[in-house]
Amino acid sequence: MNYATIKKFDIANGPGVRVSLFVSGCRHKCKNCFNREAWDFNYGAPFTQEVADNIIESLKPDYITGFSLLGGEPFEPENQETLAKLLSDIKKKLPDKDIWCYTGFLYDSQLLKGTVGNFETVKNMLSNIDVLVDGKFIEELKSPDLLFRGSSNQRIIDVQKSLKTNNVVWLEGVWQRKMGSGNIYE
């Protein structure tokens with residue numbers, strides 16, 4: 001697996017200050033994607049154990065809220081195994097850090113139905129993700145007022161509650177709030 005970039009002080013892709021990994025490879029090819037260069041699976045640099053260790057080290061300071069995983073597409077079959085291990089390692093070593101993941105795949109009709117790559121690996125990934133922003137970016141539904149998502153079709157899902165209830169549970173408060181309007185966890 002290759003990765004496009006790592007942002008160690010990201011404030012755009014989840015609440016608080018975050019460490020964000022942008023992986024390479026995406027077949028969705030959404031119109032006007034903000035990260036078009038990361039569509040190419042060969043773009044960027046190889047993801048090594050040294051890179052994974054660096055991410056975990058970067059997550060340790062108290063001012064870092066959590067980890068965000070973006071792309072490219074994290075759930076592309078070529079990326080799943082490496083990312084499943086990384087997510088598991090983060091949760092084991094830093095259980096107080098939340099994990100957000102952005103995907104163009106739909107949580108309930110694709111990821112949970114086993115239509116994307118290795119179903120056991122996908123389930124492993126989801127078991128370590130706290131919040132999933134799902135759905136392809138749709139240019140016609142784009143709005144700068146949306147918090148932590150690019151288009152209004154995208155959902156901000158509380159993955160752990162969704163897994164427990166076997167229903168899609170939106171992260172409370174986030175989906176209806178606009179930028180700068182207060183505590184997203186109200």
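These legends describe close-up views of a predicted model. Residues are numbered from 1 along each chain as its sequence is written, and side-chain values use heavy atoms, leaving out hydrogens and water. In this predicted model, local features need pLDDT of at least 70 and side-chain atom pairs count only at pLDDT 80 or more, while totals for chains, interfaces and linings use all residues.

An open sheet is formed by 7 strands in the order β3-β1-β2-β4-β5-β6-β7. Its pairing is mixed. The edge strands, β3 and β7, each pair on one side only. Strand β5 (residues 98-102) runs parallel to β6, and 3 bridges join them. W100 stands opposite V131 in β6. Two strands pair if DSSP finds at least two bridges between them. Strands (E, at least two residues) and helices (H or I, at least four) are DSSP runs, numbered from the N terminus.

**View B. The buried side of helix α1.**
Helix α1 spans residues 49-59, with V51, A52, I55, I56, S58 and L59 buried. These residues lie on the same side of α1 because they cover an arc of only 160 degrees around the axis. The arc is taken from the directions from the helix axis to the C-beta atoms. Buried means under 20% relative accessible area, exposed over 50%, and partly exposed in between (1.4 Å probe, protein chains only). Cover for the buried residues of α1 includes β1 (2-10), β2 (17-23), β3 (45-46), β4 (64-70) and α2 (77-93). Contact here means heavy atoms within 4.5 Å.

**View C. Backbone exceptions.**
Most residues other than glycine have a negative phi, and most peptide bonds are trans. G71 and G72 are joined by a cis peptide bond, with omega about 20 degrees. G72 sits in the loop between β4 and α2. F148, not a glycine, has a positive phi of about 60 degrees. F148 lies in the loop between β6 (131-134) and β7 (155-158). F148 is buried, at 9% relative accessible area. N166 also has a positive phi, near 60 degrees. N166 belongs to the segment after α5 (159-165). N166 is exposed, at 66% relative accessible area.

**View D. The largest pocket.**
The largest pocket holds about 730 Å³ of space. Its lining has 32 residues; F34, Y102, F137, G150 and Q154 lie nearest the centre. By class, 14 are nonpolar, 12 polar and 6 charged. A pocket is an open set of points on a 1 Å grid over the protein atoms alone, where a 1.4 Å probe fits, with protein on both sides within 12 Å along at least five of seven lines; lining residues have an atom within 4 Å of a point. The volume is the space filled by probe spheres set on the points, which are joined across faces, edges and corners. Ala, Val, Leu, Ile, Met, Phe, Trp, Tyr, Cys and Pro count as nonpolar, Asp, Glu, Lys and Arg as charged, and the others, Gly among them, as polar.
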